[in-house]
Amino acid sequence: MKPFDSLPSADGLWSGLRDVSGADTAIVVEQGVVRWVGEPAALPGSCAGLPVHAGGGALVTPGLVDCHTHLVYGGQRANEFALRLAGASYEDVARAGGGIVATVRATREASEEALFDTSSARLASLLAEGVCAVEIKSGYGLALAHERKQLRVARRLGAAHGVTVRTTFLGAHALPPEYAGRSGEYIDLVCREMLPALAAEGLVDAVDVFCERIAFSLAETERVFQAAQALGLPVKLHAEQLSDMGGAALAARYGALSCDHIEHLSQAGIDAMRAAGSVAVLLPGAYYTLRDTQLPPIEALRAAGVPMAVATDHNPGTSPCLSLLLMVNMACTLFRLTLPEAIAGVTAHAARALGVSATHGAIGVGMPANFVLWNVAEAAELAYWFGQRPVRTVVRQGRIAVEAGAGS
Ligand code: NIG
Ligand code: FE
């Protein structure tokens with residue numbers, strides 16, 4: 001992998017582009033920052049002498065944002081895939097000692113270097129498709145040293161790849177086996193030791209909990225949120241994935257950035273999210289893998305005006321997916337998002353879910369240059385193809401990070 005700093009600068013005039021509405025557009029980048037964007041005819045005369053990057057009529061979108069991943073972990077769980085094909089449910093597998101705790105064992109055994117190498121390869125797949133900002137959760141260590149190891153790898157990935165990484169502490173993802181029957185004590189550990197220590201080390205941008213009958217209760221979730229609030233950290237929640245626990249309404253009371261999964265979300269939960277401004281993060285990869293049949297309440301979210309984001313939820317159990325565009329396809333096909341909703345779901349709304357709207361999710365004057373040129377004739381193709389990567393060029397943090405060319 002080339003050092004990010006050695007990649008070519010994207011400074012200059014990007015001409016011959018079309019935006020998602022089909023309008024001709026041009027972008028001026030100076031010192032890695034967008035200085036001007038608009039109709040080519042309105043380009044200021046002062047831009048005349050800039051080096052030109054000819055777009056050749058390519059579609060341009062903001063850099064993609066994957067706002068929910070569990071990218072750093074050891075091992076894989078193809079065996080559970082086989083068990084589920086034979087009829088076991090996700091909950092059956094978890095209760096039988098598989099599931100998240102199986103990945104916890106493998107992650108604890110892995111060195112920081114080994115985790116960095118395997119995660120780096122996964123991240124490279126996301127980046128090759130135009131991702132410019134990504135969330136990475138802990139939650140497969142479930143002990144201070146191992147949660148730290150995951151979060152350190154996440155930070156190192158951001159530096160090595162020149163990509164915005166937002167870290168999320170998910171110490172309350174599952175009960176570690178050594179705390180069996182003592183979930184209250186484990187939550188004490190999470191709130192009193194793990195979270196304060198990792199936050200003090202600058203490793204935590206947000207705090208998440210898996211609120212579910214196979215994970216943590218509403219009361220336990222609230223304790224973690226209180227600990228996050230005391231440290232001034234934003235919260236988000238794995239909410240109402242397998243049942244309606246009332247987690248979204250609780251998260252909204254704590255001003256959650258987002259509530260994620262939400263297949264079983266109630267109208268009360270939607271109303272609370274709307275009032276709090278929380279983003280609904282849809283994860284069609286997990287829905288698909290688990291062969292779920294309970295659709296998230298898309299129509300009600302739309303009617304309420306709750307912004308919807310779409311993410312990979314990359315993890316070894318329920319969404320071993322490394323393509324955000326495939327999630328765009330599934331969000332449209334399975335969840336019936338419209339094309340503009342799905343594109344906003346992996347750009348503007350995903351940026352909001354991560355709290356990075358000032359720097360990601362749009363091509364705006366004063367924002368770092370993060371945008372993607374696509375080899376497609378129309379924007380609908382971003383959702384239409386699957387198993388295909390129609391990227392032409394990725395500009396990430398002001399550098400030409402991917403140059404696949406017009407023929408890809
Ligand atoms: O987002 N729902 C909980 N967490 C992950 C699954 C993690 C796993 O099975 O390893 C999810 O789907
Ligand atoms: Fe998840």
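Tutor: Helices here are DSSP runs of H or I with at least four residues, strands are runs of E with at least two, and both are numbered from the N terminus. This is a predicted model, where local features need pLDDT of at least 70, side-chain atom pairs count only at pLDDT 80 or more, and totals for chains, interfaces and linings use all residues. Residues are numbered from 1 along each chain as its sequence is written, chains are lettered from A and ligands numbered from 1 in the order in which they are written, and side-chain values use heavy atoms, with hydrogens and water left out.

Student: Why are α6 and α7 called roughly parallel to each other?

Tutor: Axes are lines fitted to C-alpha atoms, for helices over the stretch in contact, and angles run from 0 to 180 degrees between N-to-C directions. Helix α6 (residues 183–200) and helix α7 (residues 218–230) pack at about 10 degrees, with axes 10 Å apart. Angles under 35 degrees count as roughly parallel, over 145 as roughly antiparallel, 65 to 115 as roughly perpendicular and the rest as oblique. So α6 and α7 are roughly parallel.

Student: Which residues of α6 meet α7?

Tutor: Contact means heavy atoms within 4.5 Å. Among them are Ile-187, Val-190 and Leu-195 in α6, which meet a group in α7 including Val-224 and Ala-228.

Student: What makes α4 oblique to α5?

Tutor: Helix α4 (residues 112–128) and helix α5 (residues 144–161) pack at about 50 degrees, with their axes 9 Å apart. That angle makes α4 oblique to α5. Residues of α4 including Phe-116 and Leu-123 meet residues of α5 including Val-153 and Leu-157.

Student: How do you know which atoms coordinate the iron ion (ligand 2)?

Tutor: Donors are N, O and S atoms within 2.8 Å of the metal (3.2 Å for Na, K and Ca); water is not among the atoms, so sites may look incomplete. His-68 (NE2), His-70 (NE2), His-238 (NE2) and Asp-313 (OD) coordinate the iron ion at 2.1 to 2.3 Å. His-70, in the loop between β5 (64–66) and α1 (78–85), and His-238, in strand β9 (residues 236–239), are 168 residues apart and link distant parts of the chain.

Student: What makes the phi of Gln-31 worth a look?

Tutor: Most residues other than glycine have a negative phi. Gln-31 is not a glycine, yet its phi is positive, about 50 degrees. Gln-31 sits in the loop between β2 (24–30) and β3 (33–38), and its 69% relative accessibility is why Gln-31 counts as exposed.

Student: Where is Arg-291, and why is Arg-291 buried or exposed?

Tutor: Arg-291 is in the loop between α10 (284–289) and α11 (298–304). At 63% relative accessibility, Arg-291 therefore counts as exposed. Its phi is also positive, near 50 degrees.

Notes. Buried < 20%, exposed > 50% of the residue type's maximum accessible area, 1.4 Å probe, protein only.
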